[in-house]
Amino acid sequence: MAQDIIELRTGQFSAVFISIHSSSLTAIKRALAKKSKTSPSLFKNIEVILQFNPMLEKVNLTDLKALLAEYHIHVIGVADWQNHLQRELILTADLPILGNIDNLSEILPEPRSLPTKVITHSVIDKQVIYAKNSDLIIHGDVEQGAEVAADGNIHIYGELLGRAMAGVNSNSGAIYTQYLDAEFLAVNSRFLHKEKIPTEFLYRSVRIFAEKDKLVFIPF
């Protein structure tokens, strides 16, 4: 199976890693247009970290940055560059230089477990709740357009209609919800958009966790 030109995966909270496997801006634009139609909820002013690869040496990064911006994708840094030439190309495009993606956590403070964050009301449209270094409990709904995230587990005693991301800065975590109809799900960098969620698990109580390269759904 041919590799997708555009690949995205979740990483640090509020950022997504993007890999581009083409040196043609025309092909990249075509792939972006296709993804924007199949996953429209993704293209809503997201911030991404671009993973550099040899193909991008042949791309005008300034033009690429502008093309991504047309689709409301904003590059906040470039990682995985390998040599002086690649570094200069990135700097010429006025993009922030980052290190290897696998080592980005080294620049962050050592995680410290904190008490569970408890929200006693519904999370409404455009509201963002983040439980850093802890679990998150919500006694209410996560409405469409709302976003909740935690470095640990997320427990939703209500309906999950918006976006939920568990295990953001850890290798553990799960999402528990009494009613699943989410716009976006992510656990430990594995994610699914609404149209990719298995229909047999919609509108019911579900536990969601990561296993290998996929999300697993267990009704309860």
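This is a predicted model: local features need pLDDT of at least 70, side-chain atom pairs count only at pLDDT 80 or more; totals for chains, interfaces and linings use all residues.
Good morning. K126 sits in the loop between β5 (117-119) and β6 (128-131). Its phi is near 75°, a positive value in a residue other than glycine.

The mean pLDDT of the protein chain is 85, and 85% of its residues reach 70 or more. Over residues 106-110, however, the pLDDT is below 50, and this stretch has 1 contact in the model beyond near neighbours in sequence.

Let us return to the backbone. D80 also has a positive phi, near 70°. This residue is found in the loop between β4 (73-79) and α3. Is D80 buried or exposed? D80 is buried, since its relative accessible area is 16% and the limit for buried is under 20%.

Strand β4 contains A79, a residue that is buried at 0% relative accessibility. The C-alpha atom of A79 is separated by 5.1 Å from that of Q51, although the two residues are 28 apart along the chain.

I now turn to the chain as a whole. Its secondary structure comes to 3 helices and 15 strands. Of the 220 residues in the chain, 46% are buried. The accessible surface comes to about 11600 Å², and carbon and sulfur atoms hold 51% of that surface. Among contacts with a separation of 6 or more, 36% join residues 24 or more positions apart.

What lies in the interior? In soluble globular proteins, nonpolar side chains tend to be buried together. Here the largest nonpolar core has 27 residues, and those with the most contacts inside it include L136, V148, L160 and F217. Strand β9, residues 154-160, supplies the largest share of this core, with 3 residues. There is also a second, separate core of 23 residues, which includes L61, Y71, V75 and I90. As for F217, its contacts away from its neighbours in sequence include L180, L185, L192, F201 and I208.

My last topic is charge. Side chains of opposite charge can pair when their charged atoms come close. How many salt bridges does the structure hold? It holds 3.

One of them joins E147 and R163, with N to O at 3.0 Å. E147 lies in strand β8 and R163 in strand β10, so the pair ties together parts that are 16 residues apart in sequence. Both partners count as buried: E147 at 14% relative accessibility, and R163 at 17%.

Another salt bridge links D181 with K194, the closest N and O atoms being 2.6 Å apart. Each partner is in a loop, D181 between β11 and β12 and K194 between β13 and β14, so this pair ties together parts 13 residues apart in sequence. D181 is buried, with a relative accessible area of 14%, whereas K194 is partly exposed at 34%.

There is also a salt bridge between the side chains of R87 and E88, at 3.9 Å from N to O. R87 is partly exposed at 33% relative accessibility, and E88 is partly exposed at 31%. Thank you for your attention.

Notes:
Residues are numbered from 1 along each chain as its sequence is written. Side-chain values use heavy atoms; hydrogens and water are left out. pLDDT is the predictor's confidence in each residue, from 0 to 100. Contact means heavy atoms within 4.5 Å. A nonpolar core is a set of buried Ala, Val, Leu, Ile, Met, Phe, Trp, Tyr and Cys residues joined through side-chain atoms within 4.5 Å. Buried means under 20% relative accessible area, exposed over 50%, partly exposed in between (1.4 Å probe, protein chains only). Helices (H or I, at least four residues) and strands (E, at least two) are DSSP runs, numbered from the N terminus. Accessible areas come from the Shrake-Rupley method with a 1.4 Å probe; for residues, only the protein chains shown count as cover. A salt bridge is a side-chain nitrogen of Lys or Arg within 4 Å of a carboxyl oxygen of Asp or Glu. Lists of a residue's contacts leave out its neighbours within four places in sequence.
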